[in-house]
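Reader: Could you take a single part of this model and go through it closely, stating each cut-off as you come to it? I would like to see how that part is connected to its surroundings.

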Amino acid sequence: MISGILASPGIAYGKALLLQTETIVIKEKNIQQKNIETEIKKLFESKNISIQELKNIQKKSKKNFHQKELEIFDGHIMILEDIELEKEIITLIQNKHYTAAYAIEKSITNQIQKIKKINNTYMQNRAIDIRDIGNRWLKNILHVKKTELKNINEQIILVANDLTPSETAQMNFKYIKGFITNLGGETAHTSIMARSLEIPAIVGTGNITQKIKDGDFIILDGINNQILINPKKNIIDTFKVYQKKYLNKKKKLKKFINLSATTIDQYTVEISANVSNIQDIINAKKYGTQSIGLYRTEFLFMGRTELPSEEEQFHEYKKAAIIMKNQPVIIRTMDIGGDKEIPYMKFPKEENPFLGWRAIRIGLDKKDILRTQLKAIIRASQFGKLRILFPMIISVEEIQELKYEIKKIQYILNKKKILFDKNIKIGIMIETPASAIIAKYLIQEVDFFSIGTNDLTQYTLAVDRRNDLISHLYNPMHPSVLKLIQKVIHASHAVGKWTGMCGELAGNEKAAILLLGMGLNEFSMNASCIPKIKKIIRQTTLKKAKELSCTILKKNTTQEIMHIINNFVL
């Protein structure tokens, strides 16, 4: 069995089409002085052709993709139009007497090497984009024929080293049943496009192109993250049944999209979505989200060369508020650090970055960045129901300092007669044992809690879930984690406030009734999970949920807890 990174859920089976990527080898070759102008002319001609090609692909892709996916091509065109890159290439032609093709290859490779030094998944994916742009430019200057994916005319599962956005956009999706690639991650553009098109995809397999041959029969199980090559007939038949069940279940869940998460005995909880950009909000509304429980603003700060301005942030938050009309949008301040670095900020080398300089710790050290973001959020609050969420809080003093900053900004805006929501709600993430233990003191300072179960589990159990040697120890159903969650919910309820959850546990169908019984007020999750969680909640009573949580919270082992949960839900 082969697995990778689950980029888009679903089950597909069929014949593999192995996409062979042409390797363009450019050897160093020097030109004579008299040919410099000719090479520079070729450089500009090929650049203009490349830009026009991308514009044409973008135009033709409008029927398949949302605006956010189409903006990927704007980013590619911006790289081709980058003046600094152009200067670097021309300098190599003029001073080193390189051919235009070799100068392009040299400059693109330099850029990729710089990015790869940044140990960050997001930036690694951007390196793939730059390689894609470089290859297009080189093919045009060398007049190399390009792969025509639009000519695929039979149903296949496409297997490739990687799929660039331009390749993906040109496909005839009528015939593409799934994607499998060697490279890529959850934030790669191909993954984003696959989710947008609802095509099953597994990326980052490492070497799938060496294991699959053209024409092999493939099962792509994008539910359990597994790929089967040339399975026996009985296994294929089994997966055909799985696929049918999965599609039927997906179809049936659609009827819950516009319903509330109300139990049989008429108790209602709020179901929200976790998002990273405006397009995510638009998609989340299609799944029936009632609010935005977590807007991850760090993605505004990534994939660029400088900090976003106050105006840029203001317009983004304003759009979010307007799209959600009068429904809440919880905006988390920049949660950079840990595994999310940005190249234009100097991050110190740390032994334990997840325990180091990250999230609000950066905001409190770099007040100019924090103030700019807070000012943008508070200004945008006049357009809807925005709320502020601070990550990685571990003390009362931190909140008091942050509230002081908010007060100062509000005072300045008031003096300038700039409108804003004077009652904007302030919350904190509970994601460390420290904050959970002192929850009853923290809640005195804020309006609500949002529990981040991924980090809370990691820090409580001292388990790095990305470490293969110990990841089996990571389980948010561990009794210690559940007891901390219960403590946090009780602390907020004791003073008439509320607690939400934006960690993965909120979208876990096995945990839904337990969390309901524990008193969780808001469940925020990946948008695609929303109909499923609504259905589960609507099929139970609050009384049953409370009974389940009482039973489980008395258990001492994860094994006992999972046994009860499995028997209750299944």
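**The site around Glu431**

Author: Glu431 lies in the loop between strand 13 (425-430) and helix 16 (433-437), where helices (H or I, at least four residues) and strands (E, at least two) are DSSP runs numbered from the N terminus. The model is predicted, so that local features need pLDDT of at least 70 and side-chain atom pairs count only at pLDDT 80 or more, while totals for chains, interfaces and linings use all residues. Residues are numbered from 1 along each chain as its sequence is written, and side-chain values use heavy atoms, with hydrogens and water left out.

An unreviewed UniProt entry lists Glu431 and Asp455 under "binding site"; the positions follow the numbering used here, the feature names are shortened, and such annotations may be inferred rather than shown by experiment. Although the two span 25 residues in sequence, no two of their C-alpha atoms are more than 5.4 Å apart, so they gather at one spot.

Glu431 is buried, with a relative accessible area of 2%, where buried means under 20% relative accessible area, exposed over 50%, and partly exposed in between (1.4 Å probe, protein chains only). Once neighbours within four places in sequence are set aside, Glu431 is in contact with Pro391, Met392, Gly452, Asp455, Leu456 and Tyr459, a contact being heavy atoms within 4.5 Å. For Met392, the backbone nitrogen lies 2.5 Å from a polar atom of the Glu431 side chain.

Side chains of opposite charge can pair when their charged atoms come close. Asp455 and Arg358 also meet the criterion for a salt bridge, with N to O at 3.3 Å, the criterion being a side-chain nitrogen of Lys or Arg within 4 Å of a carboxyl oxygen of Asp or Glu. Asp455 belongs to helix 18 (residues 453-461), whereas Arg358 sits in the loop between strand 11 (328-332) and helix 13 (360-365), so the pair ties together parts that are 97 residues apart in sequence. Both of these residues, Asp455 and Arg358, are buried.

For a comparison from elsewhere in the chain, Arg371 and Glu405 form a salt bridge at 2.8 Å, N to O. Because Arg371 lies in helix 14 and Glu405 in helix 15 (residues 396-415), that pair ties together parts that are 34 residues apart in sequence. Here Arg371 is partly exposed, with a relative accessible area of 33%, while Glu405 is buried, with a relative accessible area of 3%. Returning to the site, salt bridges that share partners join Glu298, Arg332, Asp335, Arg358 and Asp455 into one network, and the structure as a whole holds 20 salt bridges.

Definitions and conventions:
Polar contact = N/O pair within 3.5 Å; in protein donor to acceptor, adjacent residues only side chain to side chain.
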